[in-house]
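Subject: Handing over the structure

Hello,

Here is the structure I promised to pass on to you. Please open it beside this email, and my notes follow below.

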Amino acid sequence: MNFIVLTIFPEMFNPFWDHGIVHRGISCNKISASTINIRDFGKGRHRVTDDRPYGGGCGMVMKPEPLAGAIREAQKKTPFSKTICLTPQGRVFNQRIAREFAALEGLVLVCGRYEGMDERILHDFIDYEISIGDYILTGGEIAAMVVIDAVTRLIPGILGGADSAEKDSFSDDLLEHAHFTRPRTFEGEAVPEVLLSGNHREIEKWRVETALIRTFLKRQDLLEKRVLSNQEIEILKKWCRDIETIVQAQSLRGADTLSGG
Ligand code: 9D3
């Protein structure tokens with residue numbers, strides 16, 4: 001996988017290339033990563049990359065010529081790459097898009113700044129527009145890092161085998177079970193007994209149930225979209241029966257009171 005980032009702030013990427021998963025990917029030649037400074041394609045002594053918007057209004061727009069020059073340079077280096085633009089009006093990035101990108105030869109990531117780029121660049125040079133969520137950033141650089149991080153960890157041989165289950169689409173829309181490590185008691189709170197039992201069937205059952213309850217409590221939206229497994233349906237039905245029992249007990253108690261309330 002080849003990543004080429006087009007930005008007017010290439011220095012922002014130096015610490016990013018040098019640490020963690022991206023660094024690991026580069027070291028073992030599973031990925032290559034570089035930046036192109038859009039300013040290098042700007043004209044004049046000041047190598048201008050922005051200009052005032054046609055039609056008036058505040059803010060500046062990224063000029064098309066430096067962007068086109070930088071994109072052509074990147075595409076020359078990696079002719080089979082897709083070119084994406086990080087912009088607030090793009091499709092919202094998710095794990096499915098990360099998986100699609102991980103299957104590509106390479107990505108050219110164009111980082112917007114100011115109010116945005118000249119529309120003709122988007123029409124003529126960009127395959128996909130991507131946003132990382134509904135909040136306002138000051139530019140596309142951090143968004144590009146988010147995309148690169150998510151894509152890199154999906155490339156085989158970078159993370160190791162332990163995470164392969166996470167690559168399975170079935171695990172995307174469920175939160176993980178709770179995690180515990182030593183010490184056995186921390187500030188008065190003990191680790192759940194079942195995890196110390198060595199009973200792997202019971203541990204697996206506990207994990208499925210806690211994953212489900214965490215998702216139900218924290219992210220009901222995920223659960224509603226999910227195709228549930230039989231085991232999960234059984235757990236949810238059991239909760240329904242338990243809750244029904246509790247509610248039933250309440251109505252019986254009400255009938256018992258002298259006031260009848
Ligand atoms: C007048 C409205 N503009 C400023 C408030 C719109 C606007 C222009 C440029 C808002 C943000 C930006 C810069 N953002 C990005 O380049 C960006 C981004 C984002 O802001 N949110 C989520 N994903 C992304 S990807 C790139």
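Let me begin with the overall layout: the centres of domain 1 and domain 2, taken over C-alpha atoms, are separated by 45 Å. Domain 1 covers 2-152 and domain 2 covers 189-259 in the domain assignment of the protein, and such bounds come from an automatic or database domain assignment.

Before the details, please keep in mind that this is a predicted model, in which local features need pLDDT of at least 70 and side-chain atom pairs count only at pLDDT 80 or more, while totals for chains, interfaces and linings use all residues. Residues are numbered from 1 along each chain as its sequence is written, and side-chain values use heavy atoms, with hydrogens and water left out.

The strands

Strands here are DSSP runs (E, at least two residues), numbered from the N terminus, and two of them pair if DSSP finds at least two bridges between them. Strand β1 (residues 2-7) runs parallel to strand β2 (residues 32-37), and six bridges join them. One of the partners to look up is serine 32 in β2, which is bridged to asparagine 2.

β1 also pairs with strand β6 (residues 106-111), again in the parallel sense, over five bridges. Along this pairing, phenylalanine 3 stands opposite leucine 107, and valine 5 stands opposite leucine 109. Strand β5 (residues 82-92) is joined to β6 by five bridges and runs parallel to β6. There, lysine 82 has leucine 107 as its bridge partner.

How covered are these strands? I call a residue buried under 20% relative accessible area, exposed over 50% and partly exposed in between (1.4 Å probe, protein chains only). Five of the six residues of β1 are buried, and in β6 six of six are. In a regular strand the side chains alternate between the two faces of the sheet. In β6, Gly106, Val108 and Val110 point one way, Leu107, Leu109 and Cys111 point the other way, and all are buried.

The cysteines

A disulfide is taken as a pair of cysteine sulfur atoms within 2.5 Å, and by this rule the count is zero. For cysteine 111, the nearest cysteine sulfur belongs to cysteine 85, 8.5 Å away. Cysteine 111 counts as buried because its relative accessible area is 1%, whereas cysteine 240 is exposed because its value is 53%.

The ligand

Which residues come nearest to the ligand? Of the 17 residues around it, those are Glu115, Ile132, Gly133, Tyr135 and Leu137, where being near means having a heavy atom within 4 Å.

For polar contacts I used pairs of N or O atoms within 3.5 Å; within protein, one must be able to donate a hydrogen and the other to accept it, and residues adjacent in sequence count only if both atoms are side-chain atoms. A backbone N or O atom of tyrosine 135 is 2.8 Å from a nitrogen atom of the ligand, and a backbone N or O atom of leucine 137 is 2.8 Å from a ligand oxygen atom. On its own the ligand has 560 Å² of accessible area, and the protein covers 74% of that (Shrake-Rupley method, 1.4 Å probe).

Best wishes

Definitions and conventions:
Helix = DSSP H or I, 4+ residues; strand = E, 2+ residues; numbered from the N terminus.
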